[in-house]
Amino acid sequence: MPAAERRVKLLEAAYRVMSEGGVAAGTTRAIVREAGMSLAAFHYCFDSREEMLRALIVDLSERERGSARLALAAAEAGTVTDLAGTVRMALLGYLDHLEQRSGEELLLLELNHHALRTPALRELATEQYRGYYDGIQQLLVGMAEQTGVRWRVGPEQVARLAVTLTDGLTTTWLADRDSAAARETIETIAEMVAGLAAPA
């Protein structure tokens with residue numbers, strides 16, 4: 001089996017093990033057992049557990065950004081033409097992702113906290129959020145153009161606010177699984193964000 005394929009299988013195994021038992025459960029022995037491989041195969045693909053965790057964080061972050069892009073594309077393709085409606089549609093798309101892939105989101109949250117406590121991985125948490133800020137800022141600029149408004153404050157500030165609010169939405173939903181309450185929160189967020197814009 002080529003090394004690249006082994007690497008993918010090990011990351012998939014790590015995801016399954018850690019989704020079930022958390023980051024602490026993701027020992028190299030547990031991961032290779034889940035993947036049906038040897039420890040030697042693991043160390044052929046990764047220099048260390050930290051390197052594997054780094055690859056897993058990057059992979060899950062990219063999946064999450066891909067889901068966000070799909071949610072926005074769906075919002076842009078819809079018939080909604082006002083800013084609040086576009087933000088609402090994008091966030092409802094994210095909530096749908098969260099409901100369907102809650103284990104992935106919980107693991108990503110836990111990995112982020114683990115990275116913050118691990119000097120060798122700390123910059124990954126910073127990079128992860130920088131990616132969120134940049135991606136959301138691009139989305140917000142596109143939303144403003146699409147709906148004929150301009151931001152009254154810098155889009156980078158709105159992006160940081162949006163990431164902060166989405167983090168809160170994620171954490172509270174993971175804690176209580178109350179989708180009805182999450183939808184009400186999304187309504188408030190959409191109106192709040194739209195209030196930061198004015199006609200172009």
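Guide: Happy to. Going along the sequence, the elements of the protein chain run α-α-α-α-α-α-α-β-α-α-β. That gives nine helices and two strands. This is a predicted model, where local features need pLDDT of at least 70, side-chain atom pairs count only at pLDDT 80 or more, and totals for chains, interfaces and linings use all residues. Residues are numbered from 1 along each chain as its sequence is written, and side-chain values use heavy atoms, leaving out hydrogens and water.

Visitor: Which helix holds E104, and why is E104 called buried?

Guide: E104 sits in helix α6. Buried means under 20% relative accessible area (exposed is over 50%, partly exposed in between, with a 1.4 Å probe and protein chains only). E104 has 2%, so E104 counts as buried. Across the protein chain, 42% of the 200 residues are buried.

Visitor: What does E104 touch?

Guide: Setting aside residues up to four places away in sequence, E104 touches Y15, L60, R63 and H97. A contact means heavy atoms within 4.5 Å.

Visitor: What makes something a nonpolar core?

Guide: The term covers a set of buried Ala, Val, Leu, Ile, Met, Phe, Trp, Tyr and Cys residues joined through side-chain atoms within 4.5 Å. The largest such core here has 30 residues, and L10, M18, F46, M52, L56 and L111 touch the most other members. At least two residues come from each of α1 (3-21), α2 (28-35), α3 (39-45), α4 (49-77), α6 (102-117) and α7 (122-147). Helix α4 gives the largest share, six residues.

Visitor: How do you know that this core draws on both domain 1 and domain 2?

Guide: Each of domain 1 (1-46) and domain 2 (49-199) supplies at least three of its residues. Those bounds come from an automatic or database domain assignment.

Visitor: What does L111 touch?

Guide: Beyond residues up to four places away in sequence, L111 touches M18, V23, L53, L56, I57 and L60. There is also a second, separate core of 25 residues, with L83, A144, I186 and A190 among them.

Terms used:
Helix = DSSP H or I, 4+ residues; strand = E, 2+ residues; numbered from the N terminus.
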